[in-house]
Amino acid sequence: MTALLVFIFGLFVGSFLNVCIYRIYRKQSIVFPPSRCPDCGKRLGVSELVPVFSWLFQGGRCRGCHERISWRYPVVELATGVTYALLFAYFPGVDFIIQVFFYSILIIVFFIDLEHQIIPNRLVIVLLIYAVAIQVLRPVHSRPEALIGVAVGGGFLLLLAIVSKGGMGGGDVKLMLALGLWFGWQKTLLLMFLAFLGGGLLSIFLLATGIKKRKDGIAFGPFLIVAALITTIWGRDILQWYLGF
Ligand SMILES: [Zn+2]
């Protein structure tokens, strides 16, 4: 029952994250003006702001100008709801709130990177400051473990960025610094393994099916973020299983 409420709360937060995704990329204020249609400027009423359902009932179109509203809107809302419910199931009390804030920012990063293949510096800075603050106030691992995580994660991606001559972006490297600090070196290794596995498999699929050409870039940030969520929730189990061999 509580998980359902957390899911619904996540849907509404997701609705706000949609605003952040649209406006942070365009360097606009996220609090003002209130939500409006990007095509005709129609200010959205209460019935147009219900997560997922408004989009469904309006057939994915604006009520004012009938322009299509991106599928991204309901997807972000659902993804946020599911992420919140998952974190709630695995983290009690304060830790749930700590995780939820972290992943809300990562959801914004995920969808901006997916759409524009860029990770805004402002978001990386917020993540870094937050990761440092949590590492100081409520550390889950030792300071050396966290610092080696930064070096291993950031260092490895930096090396790839240099070798691939920009195939791996600077935004990915900076994001990995924050993730390395957050996860410590052991889970950072797991996270990168999962991200490269997922990224590799999907790239092969996209190239083989002709959906993407070799010269098309594929954003790597989303893979890092999905890998991060898997590591947050099942990381300890996976590492214990692996070390059991
Ligand atoms: Zn409109």
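At what angle do helix α4 (residues 93–116) and helix α8 (residues 221–243) pack, and how far apart are their axes? In this predicted model, the two helices meet at an angle of about 155°, and their axes lie 8 Å apart. Because angles over 145 degrees count as roughly antiparallel, α4 is roughly antiparallel to α8. The crossing of this pair is left-handed. On the α4 side, the contact is formed by Gln99, Tyr103, Leu106, Val109, Phe110, Asp113 and Leu114. These residues meet Gly221, Pro222, Ile225, Val226, Ala228, Leu229 and Thr232 of α8. Classified by residue type, the contact of α4 with α8 comprises 10 nonpolar, three polar and one charged residues.

Helix α4 also packs with helix α5 (residues 121–137), at an angle of about 160° and with the axes 11 Å apart. The angle makes α4 roughly antiparallel to α5, and the crossing of α4 and α5 is left-handed. From α4, the residues Ile97, Ile98, Phe101, Phe102, Ile105, Leu106, Ile108, Val109 and Ile112 take part in this contact. Their partners in α5 are Leu123, Val126, Leu127, Tyr130 and Ile134. The contact of α4 with α5 consists of 14 nonpolar residues, with no polar and no charged ones.

The crossing of α1 and α3 is right-handed, whereas that of α4 and α8 is left-handed. In the contact of α1 with α3, 16 residues are nonpolar, seven are polar and two are charged.

The model also contains a zinc site. The zinc ion is coordinated at 2.3 Å by the SG atoms of Cys37, Cys40, Cys62 and Cys65. The four donor atoms subtend angles of 105 to 117° around the zinc ion, and the arrangement is therefore tetrahedral. Along the sequence, the donor residues follow the spacing C-x2-C-x21-C-x2-C.

Backbone geometry was examined in the loop between α1 and α2. Most residues other than glycine have a negative phi, and most peptide bonds are trans. Lys27, in the loop between α1 and α2, has a positive phi, near 55°, although the residue is not glycine. Pro33 lies in the loop between α1 (2–25) and α2 (53–57). The peptide bond that joins Phe32 and Pro33 is cis, with omega about -5°.

Technical notes: Residues are numbered from 1 along each chain as its sequence is written. This is a predicted model: local features need pLDDT of at least 70, side-chain atom pairs count only at pLDDT 80 or more; totals for chains, interfaces and linings use all residues. Side-chain values use heavy atoms; hydrogens and water are left out. Axes are lines fitted to C-alpha atoms, for helices over the stretch in contact, and angles run from 0 to 180 degrees between N-to-C directions. Helices (H or I, at least four residues) and strands (E, at least two) are DSSP runs, numbered from the N terminus. Angles under 35 degrees count as roughly parallel, over 145 as roughly antiparallel, 65 to 115 as roughly perpendicular and the rest as oblique. A crossing is left-handed if the near helix is turned anticlockwise from the far one by less than a right angle, and right-handed if clockwise. Contact means heavy atoms within 4.5 Å. Ala, Val, Leu, Ile, Met, Phe, Trp, Tyr, Cys and Pro count as nonpolar, Asp, Glu, Lys and Arg as charged, and the others, Gly among them, as polar. Donors are N, O and S atoms within 2.8 Å of the metal (3.2 Å for Na, K and Ca); water is not among the atoms, so sites may look incomplete. Four donors count as tetrahedral if all angles lie between 85 and 135 degrees; four count as square planar and six as octahedral if opposite donors are over 155 degrees apart and all others between 65 and 115; anything else is irregular.
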